[in-house]
Amino acid sequence: MRHNTFRGGVHPAAMKELSCNKPITYHRAKGEMVFPLSQHIGKPAVPVVKKNDPVLAGQIIARADGFVSANIISSCSGKVAAIEPRLTSSGLMAPCIVIDNDGEYTMKEGIGVETDCAKLTSAQILEKIQAAGVVGLGGAGFPTHVKLMPKNPDDIDYIIANGAECEPYITCDDRLMQEQPGWVVGGLRVVLQLFPHARAVIAIENNKPQAIESMRKAIANEQRMEVMVLKTKFPQGGERNLVHAVTGRKMASTDLPANLGCIVDNVTTLAAIYHAVCLNEPLMEKGFTVTGDAVAEPGNFLVKIGTSFAEILEAAGGIKGDLKKLIIGGPMMGVAATDLNVPICKAYNALICLSEDPVELAEEQMTACIRCGRCTRVCPVGLTPQAMAVAAEKKDFARYEKIHGLDCLACGSCTYICPAKRPLTQLFKQTKQMILSRRKR
Amino acid sequence: MKKLNVSSSPHVRSRLTTGSVMYDVVLALMPATFFGVYHFGFHALLIILMSVFSAVATEFVFDYIAHRPNTVKDGSAVVTGLLLALCLSPTVPLYIPFLGSLFAILVVKSLFGGLGQNFMNPALAGRCFLLISFGAVMTDFGVDGLSSATPLAVLSTGGSVNVIDMFLGFTTGAIGISCAALLLGGIYLLATGGITWQIPVSYLGSFAVAVSLLGPVGFNVRYLAAQFCGGGLMLGALFMATDPVTSPITAGGHIAYGIFIGLLTAIFRVYGTATDSVSYAIILGNILVPLIDRISIPKPFGLGDNAKKPKPTIPKAAAILTCITLLAGLALGAVNFMTKDAIEAQNLAANMASYSTVVPGAESFGYDDAITANVKEYSEETYGRGMYGKVYINEVVVGQDASGNTVGYAINVTSADGFDGNVSLSVGFDLQGTIQGISFTELTETPGLGMRADEDEFKGQFTGRNVSKFTLNKAGGSTAQDEIDSISGASTTSGAVVNAVNAAIDFYANYVQ
């Protein structure tokens with residue numbers, strides 16, 4: 001049974017009008033480019049270049065270390081300036097390859113040569129995706145080739161293209177579907193070739209009518225694809241909620257989508273798959289939104305991975321007026337940034353600059369919990385945040401686990417809705433870390 | 001670069017604040033408040049203002065003295081004050097709302113840690129405190145000095161009531177009397193997410209079922225409608241039981257809690273008195289909330305749905321809660337029945353001693369079936385349609401001498417109009433209807449004042465008189481046969497005694513002679 005939505009969730013102000021009508025501009029970075037070795041879930045990649053080595057755009061500069069890992073590709077040409085720890089968006093130093101960009105963007109040979117994917121075997125397709133360093137570009141950064149190799153490929157009956165883009169402000173997926181629907185469809189064709197029993201569903205929230213229209217047109221002649229319109233609600237694009245909305249199947253926290261016969265990929269990831277397999281183009285650039293009321297000219301960009309946030313902000317006209325807060329990613333699940341001289345990684349999709357900090361106001365308005373139960377009503381995975389908070393504050397970890405506190409997605413819905421402005425999500429993230437680190441000991 | 005704010009996600013927040021949630025409740029209560037003031041007049045407005053003022057001032061002063069952050073602006077004290085005022089009689093003196101709100105905020109809320117920490121609804125706890133401390137004032141819903149019964153009191157004595165008037169609020173009762181206005185507010189809160197449907201629906205639903213099963217008339221739409229509209233049930237179901245702080249967190253918990261208080265309310269209404277059934281039921285429900293919360297944690301999304309062998313089972317929490325609710329209901333019912341009999345037995349023993357005093361020539365006492373049948377008919381309702389205030393005929397016994405000849409009758413009556421609760425007494429008559437004496441079986445009045453009713457100087461006045469009705473002479477120095485001198489300083493008690501004796505005379509004349 002299809003639902004088109006899920007139980008719970010919240011409706012934060014979309015704020016997409018700031019940038020949803022700005023076409024994607026191609027941005028070629030000029031300065032030095034920084035490539036952290038860990039831009040994905042799994043083991044960090046191992047450098048295969050040395051200082052002062054010349055590199056070409058599209059060249060592998062760090063190789064995946066093992067199966068669950070991903071290659072890092074240089075997105076520019078030039079020479080390796082350093083391999084050293086650099087500040088990353090997490091606020092911590094992490095090993096990075098720094099490339100002195102010559103601005104020429106000289107491509108490695110063979111990039112851009114079209115390949116007919118129908119003539120490739122499954123193994124060849126997966127090899128190309130793996131070599132291209134494709135990871136989940138919606139935010140998770142899980143290596144895509146791993147996701148495309150489930151134990152039960154014949155049981156997969158749904159390929160879900162995640163075009164929900166439920167985070168407020170962000171519009172790059174919306175623009176991608178409007179401007180380059182062929183990339184998404186091309187990526188889906190490749191994935192469908194891997195799973196002969198599956199059909200593809202392109203799931204889009206109903207606040208993106210142009211994207212829906214554009215995708216419908218693009219799949220007009222496709223037998224195994226359809227567009228599904230979802231209710232606009234956060235976190236509609238969360239994997240478990242999306243699978244439920246599209247198929248009616250309920251994924252437990254311990255399930256992978258593949259257990260339920262589903263493969264879920266972000267539309268941007270599908271575009272990357274298309275480029276990797278059909279155009280022999282590894283993952284070098286991705287859609288990116290720079291927006292917020294403190295940005296002079298909010299817009300959507302096709303940005304080279306490794307570009308610094310400061311540079312892309314400059315491309316969007318820089319800061320206008322007061323700047324109070326910088327968010328990397330969406331406002332619900334993104335990270336607050338302290339320094340913009342950090343590189344854009346594969347899984348990042350937005351920079352939001354705000355002149356007001358809603359959290360600052362919330363801290364002033366904080367009161368004791370009034371037990372209103374709104375957190376329970378909005379939790380997209382059926383948890384009881386109020387009870388979790390009580391257990392977490394008492395450091396009663398046994399109780400916290402018993403009431404399934406570790407299932408929390410940290411989606412932020414409970415914190416968003418809380419009238420008492422309790423910092424619930426923060427508490428849950430900390431508690432989860434504490435419990436997991438105790439287990440390791 | 002300028003300093004930036006760093007925080008954990010999410011970085012956006014809804015507009016809701018504790019204050020906005022509280023003031024939404026105040027807004028939802030406005031129709032009922034306005035109707036109360038319109039219907040009952042200026043004094044009702046004073047009560048409301050005093051109650052709100054007292055609640056807010058208490059919180060402010062406590063926070064100040066205890067060096068706690070000032071929490072007055074979150075509006076929860078305003079809600080407490082307003083709710084308390086709406087369930088008070090429009091005639092209470094102003095110290096009642098003042099003390100009630102003071103107790104509600106100070107004892108029930110602030111001392112337990114303030115907002116969110118109280119385990120009982122402060123307004124209801126304040127009301128229960130007032131009911132226990134100032135019973136007579138709190139249960140007097142009379143307007144303009146006229147004593148008049150509330151619709152539910154009339155209903156419980158078999159009288160008929162106008163349900164439409166009750167629904168709209170054109171009747172006697174508490175200030176927040178208009179069901180229509182309360183419903184309007186309730187619908188507003190439901191629509192804006194201030195409350196959810198689970199508690200009101202499960203509360204009213206289980207109440208309706210239980211009243212139909214236990215009540216005197218079975219399933220009867222008119223009777224149910226009157227029960228719904230009276231006794232503060234709407235105020236309780238929509239605004240008191242749904243108080244977020246003292247109700248469960250989850251939807252399942254809400255339903256269990258609603259069913260529990262619905263059953264309790266029905267039991268209290270059917271076997272008890274209407275004035276306080278809703279208050280006590282919800283307070284008892286409040287006490288169960290931590291337990292309900294502990295066991296009503298729902299299953300997270302998808303857990304166990306994809307297991308190999310799905311076994312259809314009743315959710316454990318639901319089963320446990322149903323059992324607890326049923327057991328608690330049964331236990332309460334059982335206790336009620338058992339104590340009722342025990343208390344009655346004790347009363348009878350006490351009464352026997354008094355019968356011997358007031359029918360001097362009798363060696364033994366017995367019942368006359370015809371008379372007892374009449375007593376039964378009147379024992380559950382006020383006798384004399386309010387002519388003697390709240391008077392109940394308890395028992396009539398026939399006194400016989402050693403050879404079995406009837407020598408007189410003793411009638412045990414209770415007046416609920418005492419200064420501090422019930423006044424019960426036995427009146428002895430000889431066969432001509434001359435009073436042989438009166439003897440108290442229940443007297444808990446003020447020592448030195450009302451308690452002096454038991455002294456011969458007062459109660460001896462009735463002996464040897466044979467009149468159709470006594471009148472109370474507050475000035476003293478009576479000479480007429482039918483005049484009784486009041487105990488000085490205790491005219492309420494004296495009045496209750498005279499009313500009780502008059503009811504006994506009335507009953508004797510009509511049903512015994």
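How far apart do the C-alpha centres of domain 1 of chain A and domain 2 of chain A lie? They lie 31 Å apart. To see this, select 112-278 of chain A for domain 1 and 366-440 for domain 2; such bounds come from an automatic or database domain assignment.

This is a predicted model, in which local features need pLDDT of at least 70, side-chain atom pairs count only at pLDDT 80 or more, and totals for chains, interfaces and linings use all residues. Residues are numbered from 1 along each chain as its sequence is written, while chains are lettered from A and ligands numbered from 1 in the order in which they are written.

Stay with the two domains of chain A. Their contact takes six residues from domain 1 of chain A and six residues from domain 2 of chain A; two residues are in contact if their C-beta atoms, placed from the backbone, lie within 7 Å. The side of domain 1 of chain A that touches domain 2 of chain A has two nonpolar, three polar and one charged residue. Here Ala, Val, Leu, Ile, Met, Phe, Trp, Tyr, Cys and Pro count as nonpolar, Asp, Glu, Lys and Arg as charged, and the others, Gly among them, as polar.

Next, select chain B. Its C-alpha trace spans about 105 × 60 × 40 Å along its principal axes. Colour 18-300 + 314-334 as domain 1 of chain B and 359-512 as domain 2 of chain B; the centres of these domains, taken over C-alpha atoms, are separated by 38 Å.

Now show both chains together. Chain B puts 36 residues into the contact and chain A puts in 56 residues. On the side of chain B that touches chain A, helix α1 (residues 18-40) of chain B gives the most, with three residues. Helices are DSSP runs (H or I, at least four residues), as are strands (E, at least two), numbered from the N terminus. That side of chain B divides into 15 nonpolar, 15 polar and six charged residues.

Finish inside. A nonpolar core is a set of buried Ala, Val, Leu, Ile, Met, Phe, Trp, Tyr and Cys residues joined through C-beta atoms within 7 Å; buried means that 20 or more other C-beta atoms lie within 10 Å of a residue's own, with C-beta atoms placed from the backbone. In the largest core, of 233 residues, A:I160, A:V184 and A:A203 touch the most other members. Helix α13 (residues 251-271) of chain B supplies the largest share of this core, eleven residues. Another core, of 38 residues, lies apart from it and includes B:A410, B:I438, B:A453 and B:F507.

Terms used:
Buried ≥ 20, exposed ≤ 12 C-beta atoms within 10 Å, placed from the backbone.
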